[in-house]
Amino acid sequence: TIKAFLFDLDGVIVDTAIFHYQAWRRMANELGFDISEEFNEQLKGISRVESLEIILQHGNLVLPEERKAELAAQKNQWYLELVSRMTPDDILPGVPAFFSQVHDAGIKTALGSVSKNARLILERIGMSNVFGTVIDGNKIARGKPDPEVFLKGAEELGVSPADCVVFEDAVAGIEAAKRGGMLAVGIGSPNVLTQADIVWPSLEHVTVTQLLKSLDRSAG
Ligand code: G16
Ligand code: MG
């Protein structure tokens with residue numbers, strides 16, 4: 001039986017991936033190279049420092065740690081400028097309706113995000129008090145695809161991993177869920193999220209009942 005739903009933030013609840021991309025691109029441009037939207041796919045769900053390493057490698061740049069720390073801070077500042085303009089209108093379609101069904105079904109909820117800005121984003125969109133627990137980049141040592149973020153969420157909710165369903169839009173996030181022994185619902189394309197137990201295009205046209213049925217599970 002399913003007792004808890006664990007949600008990724010970026011790409012499932014809101015689309016902050018575009019802001020991350022814009023901020024990283026601005027940094028890359030200043031360093032003299034560009035990054036494509038396709039390249040950006042591999043950064044989804046990956047921590048800030050790891051993302052920076054991947055981008056610098058892409059630009060064939062080797063920089064001292066001090067400079068890298070400066071760049072990460074600069075990128076975050078640009079990113080936060082974009083986040084500061086977010087409102088509840090930025091919640092992805094179908095999310096509020098889905099959450100009311102989840103609560104009605106008595107299913108516990110957690111946020112599982114690698115972002116150190118997750119709490120700020122939840123405040124901006126008015127979803128600070130929606131989750132049973134919030135696990136973010138400040139509470140974990142290892143980013144996705146390590147299962148730590150989701151295992152910690154399950155632990156704080158007092159639910160065993162086998163009774164959890166993770167909602168994820170990133171390849172690294174689906175891998176984290178599976179490595180944690182959880183069911184994984186991919187939000188996006190089945191061609192990309194091949195390791196997911198089931199894939200939906202978004203939370204818009206799915207009900208909790210439908211979802212549990214297609215996973216062959218019940219709530220309890
Ligand atoms: C998110 C994004 C990643 C980002 C990471 C760290 O993870 O998907 O692109 O690099 O957070 O974010 P920050 O720089 O704000 O700490 P998630 O787990 O919410 O998809
Ligand atoms: Mg995501």
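Predicted model: local features only at pLDDT ≥ 70, side-chain atom pairs only at ≥ 80, totals over all residues.
View 1. Strands S4 and S5 (residues 183-187) run parallel and are joined by four bridges. To get from S4 to S5, the chain passes through helix H8 (residues 171-179), making a right-handed β-α-β crossover. Look next at strand S1 (residues 4-7): four bridges link S1 to S4, and these two strands run parallel. Here Leu-6 has Val-166 as its bridge partner in S4.

**View 2. Strand S4, covered on both faces.** Why is S4 largely enclosed by the rest of the structure? Five of the five residues of S4 (residues 164-168) are buried, so the strand is largely enclosed. In a regular strand, side chains alternate between the two faces of the sheet. In S4, one side holds Cys-164, Val-166 and Glu-168, the other Val-165 and Phe-167, and all are buried.

**View 3. Val-166 in the nonpolar core.** The largest nonpolar core has 62 residues. Val-166 is among those with the most contacts inside this core, together with Ala-4, Phe-150, Cys-164 and Val-185.

View 4. Now turn to ligand 1, which has 20 residues around it. Asp-10, Arg-48, Ser-113, Ser-115 and Lys-116 come nearest.

Notes
Residues numbered from 1 in each chain as written. Chains lettered and ligands numbered in written order. Buried ≥ 20, exposed ≤ 12 C-beta atoms within 10 Å, placed from the backbone. Pairing = 2+ DSSP bridges. Right-handed = clockwise from strand over helix to strand, strands pointing away. Near = placed C-beta within 6 Å. Core = buried A, V, L, I, M, F, W, Y, C linked by C-beta atoms within 7 Å.
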